[in-house]
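Open the model in your viewer and keep the sequence panel beside it. This tour tells you what to select at each stop and what is there.

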Amino acid sequence: SFVVLEKLFCICFAIELALRIYAFRPARFFFGSDWAWNNFDTIVVVAQLLEEAANSLVDGLADNSFSDNLKIVKMLRFLRLFRVLRVLRIVRFVQELNNVV
């Protein structure tokens, strides 16, 4: 289902980011020549991880009061804005592949 696919992509992007930070070392990764894209990727992956954590939290708090759940839902709406950023991240890789060809 879509939820499983979303979690799979989240894990893949998080592993890919961790490997890139390890390979380039943190100083070069965050302050090197591609610092803007690397920081952008980090923000997108962290936002996705926060969204997954919040979704898990909402599932675990199903029996809490309505007002608490409403606050969490509002936070989830804000985090969903970062989904647009994930699309931009994928577009960047497609453009880089076009430059290779």
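Of the protein's 101 residues, 24% count as buried. Buried means under 20% relative accessible area, exposed means over 50%, and partly exposed lies in between (1.4 Å probe, protein chains only). This is a predicted model, in which local features need pLDDT of at least 70 and side-chain atom pairs count only at pLDDT 80 or more, while totals for chains, interfaces and linings use all residues. Residues are numbered from 1 along each chain as its sequence is written, and side-chain values use heavy atoms, with hydrogens and water left out.

**Stop 1: the whole fold**

Switch to a cartoon view. The secondary structure comes to 5 helices and 0 strands. Along the sequence, the pattern reads α-α-α-α-α. Helices (H or I, at least four residues) and strands (E, at least two) are DSSP runs, numbered from the N terminus.

**Stop 2: helix H1**

Select residues 2-24, which are helix H1. How far apart are the end C-alpha atoms of H1? They are 33 Å apart, which agrees with the 33 Å that its 23 residues should span at 1.5 Å a residue. The expected span is 1.5 Å times one less than the number of residues.

Now colour Glu6, Cys10, Leu17 and Arg20. These are the buried residues of H1.

Next, select Leu5, Leu8 and Phe9. Together they make a nonpolar surface patch of about 290 Å². Patches are made of residues with over 30% relative accessible area and no salt bridge; like charges are joined within 9 Å, and nonpolar side chains (Val, Leu, Ile, Met, Phe, Trp, Tyr) within 5 Å. The areas come from the Shrake-Rupley method with a 1.4 Å probe, and for residues only the protein chains shown count as cover. Pick out Phe9, which sits in H1. Phe9 counts as partly exposed because its relative accessibility is 45%.

**Stop 3**

Step on to Arg25, which follows H1. Its phi is positive, near 65°. The charged end of Arg25 sits over the ring of Tyr22, 5.1 Å from the ring centre. For this, NZ of Lys or CZ of Arg must be within 6 Å of the ring centre and within 35 degrees of the ring normal.

**Stop 4: the salt bridges**

How many salt bridges does the structure hold? There are 3. A salt bridge is a side-chain nitrogen of Lys or Arg within 4 Å of a carboxyl oxygen of Asp or Glu.

Select Lys7 and Glu52. They form a salt bridge, with the closest N and O atoms 3.5 Å apart. Glu52 lies in helix H3 (residues 35-60) and Lys7 in helix H1, so the pair ties together parts that are 45 residues apart in sequence. Are these two buried or partly exposed? Glu52 is buried, at 11% relative accessibility. Lys7 is partly exposed, at 36%.

Move along to Glu16, Arg20 and Asp41. These residues are linked in a network of salt bridges. Glu16 meets Arg20 at 2.9 Å, N to O. The two are 4 residues apart in H1, so about one helical turn separates them. Asp41 also bridges to Arg20, and here the closest N and O atoms are 3.1 Å apart. Asp41 lies in helix H3 and Arg20 in helix H1, so this pair ties together parts that are 21 residues apart in sequence.

Asp41 is buried, at 0% relative accessibility. Arg20 is buried, with 15%. Glu16 is partly exposed, with 24%.

**Stop 5: the aromatic rings**

The whole structure has 3 aromatic pairs. Rings of Phe, Tyr and Trp (its six-membered ring) pair if their centres lie within 6.5 Å; planes under 30 degrees apart count as stacked, over 60 as edge-to-face and the rest as tilted.

Select Phe29 and Phe30. Their ring centres are 4.9 Å apart and their planes stand at 90°, so the pair is edge-to-face. Phe29 is buried, at 0% relative accessible area. Phe30 is partly exposed, at 23%.

Finish with Trp37 and Phe40. Their ring centres are 5.8 Å apart and their planes lie at 80°, so this pair is edge-to-face. Being 3 residues apart in helix H3, they are separated by about one helical turn. Trp37 is partly exposed, with 39% relative accessible area. Phe40 is buried, with 18%.
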